[in-house]
Amino acid sequence: GLQNLKSLQSLDLSFNGITQIGLSDLQNCPQLENLYLKSNKIFSIHPEAFKDLKKLQVVDLSNNVLTAILPMMVIALELPHLEVDLADNQWHCDYSVAAFQNVISDSWRKVWTGICSESVGDEEAYRWTPQSRSSRETHLPHRPTKPVKSLPPGRAERPQAGGFERPDTPGTEGAPAGGRPHRRPRWARSPRDVPAAGRKGDPSQDLTLAV
(Lines give C-alpha, C1' and ligand atoms only; values in the text may rest on other atoms or scores of the structure.)
Protein backbone atom coordinates (compact mmCIF):
# COMPACT_ATOMS: atom_id res chain seq x y z
CA GLY A 1 0.00 0.00 0.00
CA LEU A 2 3.03 2.32 0.25
CA GLN A 3 4.32 1.78 -3.25
CA ASN A 4 2.61 4.83 -4.75
CA LEU A 5 3.33 7.23 -1.86
CA LYS A 6 6.56 8.63 -3.22
CA SER A 7 6.09 11.98 -1.47
CA LEU A 8 5.39 10.48 1.95
CA GLN A 9 7.48 12.17 4.65
CA SER A 10 6.08 10.82 7.94
CA LEU A 11 4.58 7.42 8.67
CA ASP A 12 3.20 6.21 11.99
CA LEU A 13 2.37 2.51 12.23
CA SER A 14 2.70 2.16 15.99
CA PHE A 15 0.53 -0.23 18.03
CA ASN A 16 -0.12 -2.66 15.19
CA GLY A 17 0.62 -6.35 14.81
CA ILE A 18 3.59 -5.86 12.48
CA THR A 19 6.10 -8.68 12.86
CA GLN A 20 8.85 -7.83 10.37
CA ILE A 21 10.17 -5.21 7.95
CA GLY A 22 11.08 -6.64 4.55
CA LEU A 23 13.46 -5.43 1.89
CA SER A 24 10.83 -3.85 -0.38
CA ASP A 25 8.30 -2.63 2.20
CA LEU A 26 9.59 0.97 2.16
CA GLN A 27 11.52 0.85 -1.09
CA ASN A 28 9.35 3.40 -2.95
CA CYS A 29 9.30 6.03 -0.21
CA PRO A 30 12.46 8.06 -0.97
CA GLN A 31 11.14 11.18 0.80
CA LEU A 32 10.41 9.46 4.10
CA GLU A 33 11.91 11.31 7.07
CA ASN A 34 10.09 10.00 10.16
CA LEU A 35 9.08 6.39 10.76
CA TYR A 36 7.31 5.30 13.93
CA LEU A 37 7.00 1.56 14.56
CA LYS A 38 6.81 1.42 18.35
CA SER A 39 4.82 -1.19 20.29
CA ASN A 40 4.56 -3.77 17.54
CA LYS A 41 5.74 -7.38 17.44
CA ILE A 42 8.67 -6.81 15.14
CA PHE A 43 11.32 -9.52 15.51
CA SER A 44 13.07 -9.18 12.15
CA ILE A 45 14.30 -6.26 10.03
CA HIS A 46 16.08 -6.78 6.73
CA PRO A 47 19.55 -5.18 6.89
CA GLU A 48 18.83 -3.16 3.73
CA ALA A 49 15.22 -2.22 4.55
CA PHE A 50 16.21 1.46 4.95
CA LYS A 51 18.95 1.54 2.32
CA ASP A 52 17.15 3.80 -0.18
CA LEU A 53 15.73 6.15 2.45
CA LYS A 54 18.48 8.75 2.24
CA LYS A 55 16.37 11.42 3.95
CA LEU A 56 15.34 9.26 6.89
CA GLN A 57 16.04 11.07 10.16
CA VAL A 58 13.98 9.41 12.91
CA VAL A 59 13.04 5.76 13.45
CA ASP A 60 11.20 4.53 16.53
CA LEU A 61 11.50 0.78 17.08
CA SER A 62 10.92 0.76 20.82
CA ASN A 63 8.84 -1.87 22.60
CA ASN A 64 9.22 -4.67 20.05
CA VAL A 65 10.79 -8.13 20.24
CA LEU A 66 14.01 -7.46 18.36
CA THR A 67 17.06 -9.48 19.42
CA ALA A 68 19.58 -9.63 16.55
CA ILE A 69 22.29 -6.96 16.60
CA LEU A 70 23.85 -7.46 13.17
CA PRO A 71 20.98 -6.11 10.97
CA MET A 72 20.91 -2.93 13.02
CA MET A 73 24.66 -2.51 12.67
CA VAL A 74 24.30 -2.58 8.88
CA ILE A 75 21.65 0.13 9.15
CA ALA A 76 23.96 2.11 11.44
CA LEU A 77 26.67 2.06 8.76
CA GLU A 78 24.24 3.09 6.02
CA LEU A 79 22.62 5.88 8.07
CA PRO A 80 25.21 7.13 10.59
CA HIS A 81 23.20 10.23 11.58
CA LEU A 82 19.88 8.43 12.08
CA GLU A 83 18.08 9.17 15.35
CA VAL A 84 16.83 5.78 16.47
CA ASP A 85 14.97 4.52 19.52
CA LEU A 86 15.69 0.85 20.25
CA ALA A 87 14.60 0.68 23.87
CA ASP A 88 12.44 -2.07 25.37
CA ASN A 89 13.59 -4.85 23.08
CA GLN A 90 15.25 -8.15 23.91
CA TRP A 91 18.66 -7.35 22.50
CA HIS A 92 21.47 -9.87 22.87
CA CYS A 93 24.54 -7.74 23.54
CA ASP A 94 27.28 -10.05 22.32
CA TYR A 95 30.68 -9.67 20.66
CA SER A 96 29.17 -8.13 17.51
CA VAL A 97 28.42 -4.93 19.43
CA ALA A 98 32.02 -4.54 20.58
CA ALA A 99 33.26 -5.32 17.07
CA PHE A 100 31.33 -2.35 15.62
CA GLN A 101 32.11 0.16 18.37
CA ASN A 102 35.00 1.70 16.44
CA VAL A 103 33.23 2.01 13.06
CA ILE A 104 29.75 3.30 13.91
CA SER A 105 28.98 6.95 14.58
CA ASP A 106 29.00 8.55 18.02
CA SER A 107 25.21 8.74 18.16
CA TRP A 108 24.82 5.02 17.40
CA ARG A 109 27.59 4.18 19.88
CA LYS A 110 25.77 6.03 22.63
CA VAL A 111 22.55 4.18 21.83
CA TRP A 112 24.18 0.75 22.12
CA THR A 113 26.15 1.69 25.19
CA GLY A 114 22.95 2.71 26.94
CA ILE A 115 21.09 -0.43 25.84
CA CYS A 116 23.78 -2.91 26.85
CA SER A 117 24.66 -1.19 30.12
CA GLU A 118 21.05 -1.58 31.24
CA SER A 119 21.11 -5.34 30.73
CA VAL A 120 19.73 -7.29 33.65
CA GLY A 121 21.63 -10.24 35.14
CA ASP A 122 25.19 -11.47 35.11
CA GLU A 123 24.69 -13.39 31.89
CA GLU A 124 23.73 -10.28 29.93
CA ALA A 125 26.59 -8.29 31.43
CA TYR A 126 28.99 -11.06 30.42
CA ARG A 127 27.72 -10.98 26.84
CA TRP A 128 28.32 -7.26 26.59
CA THR A 129 31.83 -7.34 28.06
CA PRO A 130 34.39 -8.74 25.58
CA GLN A 131 35.99 -11.83 27.13
CA SER A 132 39.18 -13.64 26.19
CA ARG A 133 39.02 -17.28 25.17
CA SER A 134 41.82 -18.09 27.54
CA SER A 135 40.40 -16.18 30.52
CA ARG A 136 39.99 -19.29 32.63
CA GLU A 137 42.99 -20.02 34.81
CA THR A 138 44.77 -23.28 34.22
CA HIS A 139 46.40 -24.72 37.31
CA LEU A 140 49.39 -26.86 36.46
CA PRO A 141 50.94 -29.25 38.94
CA HIS A 142 54.00 -27.94 40.70
CA ARG A 143 57.26 -29.37 39.42
CA PRO A 144 60.62 -29.08 41.21
CA THR A 145 63.00 -26.60 39.64
CA LYS A 146 66.16 -28.17 41.08
CA PRO A 147 68.13 -29.83 38.29
CA VAL A 148 68.64 -33.54 38.60
CA LYS A 149 72.07 -34.88 37.76
CA SER A 150 72.18 -38.02 35.70
CA LEU A 151 74.62 -40.84 36.15
CA PRO A 152 77.32 -41.09 33.52
CA PRO A 153 76.60 -43.49 30.66
CA GLY A 154 77.50 -47.02 31.62
CA ARG A 155 76.89 -46.54 35.36
CA ALA A 156 73.21 -45.70 34.97
CA GLU A 157 72.58 -48.75 32.85
CA ARG A 158 72.16 -52.19 34.37
CA PRO A 159 73.06 -51.29 37.98
CA GLN A 160 72.66 -54.90 39.12
CA ALA A 161 74.88 -56.43 36.47
CA GLY A 162 78.46 -57.47 37.09
CA GLY A 163 78.15 -58.05 40.83
CA PHE A 164 77.71 -54.41 41.91
CA GLU A 165 76.52 -54.01 45.47
CA ARG A 166 75.31 -51.08 47.56
CA PRO A 167 76.42 -50.70 51.20
CA ASP A 168 73.76 -52.04 53.51
CA THR A 169 74.56 -49.96 56.58
CA PRO A 170 71.86 -47.30 56.87
CA GLY A 171 72.59 -43.78 58.05
CA THR A 172 76.40 -44.05 58.28
CA GLU A 173 77.11 -42.85 54.76
CA GLY A 174 80.39 -44.80 54.87
CA ALA A 175 81.91 -42.79 57.76
CA PRO A 176 85.43 -43.95 58.74
CA ALA A 177 86.57 -44.70 62.31
CA GLY A 178 88.05 -41.21 62.65
CA GLY A 179 84.57 -39.71 62.62
CA ARG A 180 84.98 -37.53 59.49
CA PRO A 181 82.15 -38.40 57.14
CA HIS A 182 82.84 -38.70 53.49
CA ARG A 183 80.53 -39.22 50.55
CA ARG A 184 79.55 -42.76 50.01
CA PRO A 185 80.19 -44.07 46.49
CA ARG A 186 77.05 -44.97 44.59
CA TRP A 187 78.25 -48.38 43.67
CA ALA A 188 81.12 -50.57 44.92
CA ARG A 189 82.53 -53.62 43.31
CA SER A 190 82.57 -56.66 45.52
CA PRO A 191 86.07 -58.10 46.04
CA ARG A 192 84.75 -61.57 45.43
CA ASP A 193 83.96 -60.63 41.85
CA VAL A 194 87.58 -59.80 41.00
CA PRO A 195 88.92 -62.50 38.70
CA ALA A 196 91.60 -64.69 40.27
CA ALA A 197 93.81 -64.37 37.21
CA GLY A 198 93.86 -60.60 37.59
CA ARG A 199 95.00 -60.76 41.23
CA LYS A 200 97.81 -63.12 40.50
CA GLY A 201 99.12 -61.49 37.37
CA ASP A 202 99.06 -57.71 37.58
CA PRO A 203 98.92 -55.73 40.86
CA SER A 204 97.88 -52.57 39.02
CA GLN A 205 94.84 -54.36 37.69
CA ASP A 206 93.84 -55.19 41.31
CA LEU A 207 94.02 -51.52 42.22
CA THR A 208 91.93 -50.47 39.27
CA LEU A 209 89.24 -53.02 40.04
CA ALA A 210 89.13 -52.05 43.69
CA VAL A 211 88.47 -48.43 42.78
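Across the whole structure, a search finds one salt bridge, the term being used for a side-chain nitrogen of Lys or Arg within 4 Å of a carboxyl oxygen of Asp or Glu. The model is predicted, so that local features need pLDDT of at least 70 and side-chain atom pairs count only at pLDDT 80 or more, while totals for chains, interfaces and linings use all residues. Residues are numbered from 1 along each chain as its sequence is written, and side-chain values use heavy atoms, with hydrogens and water left out.

The salt bridge joins Arg109 to Asp106, and their closest N and O atoms lie 2.5 Å apart. Because Arg109 and Asp106 are three residues apart in helix H3 (residues 106-117), about one helical turn separates them; helices (H or I, at least four residues) and strands (E, at least two) are DSSP runs, numbered from the N terminus. Arg109 is partly exposed, at a relative accessible area of 24%, where buried means under 20%, exposed over 50% and partly exposed in between (1.4 Å probe, protein chains only).

Most residues other than glycine have a negative phi. Phe15, although not a glycine, has a positive phi of about 60°, and this residue is found in the loop between strand S1 (10-12) and strand S2 (20-21). With 62% relative accessibility, Phe15 counts as exposed.

Ser39 is likewise not a glycine, and has a positive phi of about 55°. Ser39 is placed in the loop that runs between strand S3 (34-36) and strand S4 (44-45), and at 15% relative accessibility Ser39 counts as buried.
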